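Student: I'd like to go through this model with you. Can we put it up and start with some details?

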Amino acid sequence: MNIGILALQGAFAAHQRVLTDLGASVTLVRGVEDVDGLDGIVLPGGESTTMSMLLDSSGIAAPLRERVRNGFPVFGTCAGLILLAEKIIDGRADQQQLGGLAITARRNGYGRQIDSFEASITICEIENTFAMNGVFIRAPRIEEATGDVEVLGTVNGDVVLVRQGNILGATFHPELSDDHRVHEMFLKMVSRYHNDLEQAQEVRS
Amino acid sequence: MSNPQTGSFPVKRGLAEMLSGGVIMDVVTPEQAKIAEDAGACAVMALERVPADIRRDGGIARMSDPDMIEGIKATVTIPVMAKARIGHFVEAQIIQSLGVDFIDESEVLTPADEAHHIDKYKFDVPFVCGATNLGEALRRISEGAAMIRSKGEAGTGNIVEAVRHLRSILGDIRRIGQADSAELFDWAKQLQAPLPLVQELAETGRLPVPLFCAGGIATPADAALAMQLGAEAVFVGSGIFKSDEPERRARAIVEATTHFQDADVLAKVSRGLGAPMTGIGMDEINQRYAERGW
């Protein structure tokens, strides 16, 4: 499986370490040509304003937006989740959006670095329920999620992990902990997406 | 673990990870901070004088006025850093109380303690410290630093010292990776660094916190050089606002830091930037800031 990691700015190296540990091959995405041939893509944490500017200048924004719209598997953490949110509060007016997640996200919704925290997250997926440690860095806060959005993880009542179609979004940083279960969840979504595509093609032929 | 917990080491190191691949720019006014954010800086360093001016003016360089730091904090949405003097834990307490996102215990300011650095574990806010070699880097990490940067030679616009420091740190990390377990004791002794950190380094092949480059970056090519040598992000101090066209240069250095392996992009962004800061040679300066720190 070839997973792209948007590597314009941010914690792409941490995602790379986790995905490599899990046996995926990784492509660091810095130019339009890197977007081709991927099975899924990770949008890491970092500064969403910086990433948005570089998405624009590199020309990656348009092809990526089209893929997200067509159901391509994508996993956004922190700033990556902000890029995927349909609505942002406290962002910059000129911020590039990919959209796809029907949520309202407040940038730095828990405050500055001094308010950043670790907390135990309860994750409920259809197959399993578990608790894992989550690191939140100047994290966005999901203020609203529409009915199309599945809530997979919460901390003290706050929604911190969501899924809509093939889009997975976390306000925390699973790439910074030793627990790789959220990344495993994403890799499963990627292989399910490609199995479904293959089956659809077989039916057609 | 209480739920939730602030100020833990993973939370501190986490912000350093988020700044990777980016450019942190020195700014002295809210207007400059806005220019930096517009150009794609991932954070700004709020200070009263850039290192080139500190060098020119001489005298004692101290923490910035809290009003000035707050003015910059109010202007931008990206993280804001500020500098405290080496060993001056009260300046650090004040900066933490201002809600600044990262403290740079910096050799650019005049040291307040000639034997001790700040006990950074006592703070909830993360610290970055400079290093010229691996021993210094590991000592700072053992005191609680969540990020290491090369010292370079601030305010000179001359990349030579930052290259020396990066090569020294990364070269020794590579050599330790080849060492056998008995040799690690000697490495710890030679480096004057805690053995467990040396052993961890041998195991993982990298520092336990991100390594950034600072000190002397003046051009997009300088930034890309630091990144190709193995730095994970860059600080640009005097290099931007001491140049002819700060907006364009800032933007070009951001692009160069992302596309550091792509010479075509580097050639494109290096064009028409106006004059860089003039810069000074190492034999022309009488005070080496990099020698401050123990």
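Student: Which backbone nitrogen lies 2.8 Å from a polar atom of the side chain of A:Ser116?

Tutor: The backbone nitrogen of A:Arg138. That is a polar contact (N or O atoms within 3.5 Å; within protein, one able to donate a hydrogen and the other to accept it, and residues adjacent in sequence count only if both atoms are side-chain atoms). This is a predicted model, where local features need pLDDT of at least 70, side-chain atom pairs count only at pLDDT 80 or more, and totals for chains, interfaces and linings use all residues. Residues are numbered from 1 along each chain as its sequence is written, chains are lettered from A and ligands numbered from 1 in the order in which they are written, and side-chain values use heavy atoms, with hydrogens and water left out.

Student: Where is A:Ser116 found, and is A:Ser116 buried or exposed?

Tutor: A:Ser116 sits in the loop between strand 6 (101-106) and strand 7 of chain A. Helices (H or I, at least four residues) and strands (E, at least two) are DSSP runs, numbered from the N terminus. A:Ser116 counts as buried because its relative accessibility is 1%, the cut-offs being under 20% relative accessible area for buried, over 50% for exposed and partly exposed in between (1.4 Å probe, protein chains only).

Student: What is A:Ser116 in contact with, leaving aside neighbours within four places in sequence?

Tutor: On the chain A side, A:Phe136, A:Ile137 and A:Arg138; from chain B, B:Gln5, B:Thr6, B:Gly7 and B:Val11. Contact means heavy atoms within 4.5 Å.

Student: What does strand 7 of chain A do with strand 1 of chain B?

Tutor: Strand 7 (residues 117-124) of chain A pairs antiparallel with strand 1 of chain B, over 2 bridges. Pairing requires at least two bridges found by DSSP. The bridge partner of A:Glu118 is B:Gln5.

Student: And within chain A, which strands does strand 7 join?

Tutor: Strand 8 (residues 129-136), antiparallel, by 8 bridges, and strand 10 (residues 150-155), also antiparallel, by 2 bridges. Strands 7 and 8 of chain A form a hairpin with 4 residues between them. A:Thr122 stands opposite A:Ala131 in strand 8 and opposite A:Thr154 in strand 10.

Student: Back to the interface. How many residues are in contact, and what area is buried?

Tutor: 44 residues of chain B contact 38 of chain A. About 3200 Å² is buried, 54% of it from carbon and sulfur atoms; buried area is the accessible area (1.4 Å probe) that two parts lose on being put together, summed over both.

Student: How many salt bridges are there between chain B and chain A?

Tutor: The rule finds 5, a salt bridge being a side-chain nitrogen of Lys or Arg within 4 Å of a carboxyl oxygen of Asp or Glu. One of them joins B:Asp38 and A:Arg92, at 2.8 Å, N to O.

Student: Which element of chain B gives the most to the side that touches chain A?

Tutor: Helix 1, with 7 residues.

Student: Different spot. Which residues of chain B does A:Gly10 contact?

Tutor: B:Glu17, B:Met18 and B:Ser20. A:Gly10 lies in the loop between strand 1 (2-6) and helix 1 (12-21) of chain A, and is buried, with a relative accessible area of 1%.

Student: Why is helix 6 of chain B called largely enclosed?

Tutor: Because 7 of its 9 residues are buried. Those buried residues pack against strands 6 and 7 and helices 7, 8 and 9 of chain B.

Student: What caps the N-terminal end of helix 6 of chain B?

Tutor: B:Asn133, with a side-chain oxygen 3.1 Å from the backbone nitrogen of B:Gly135.
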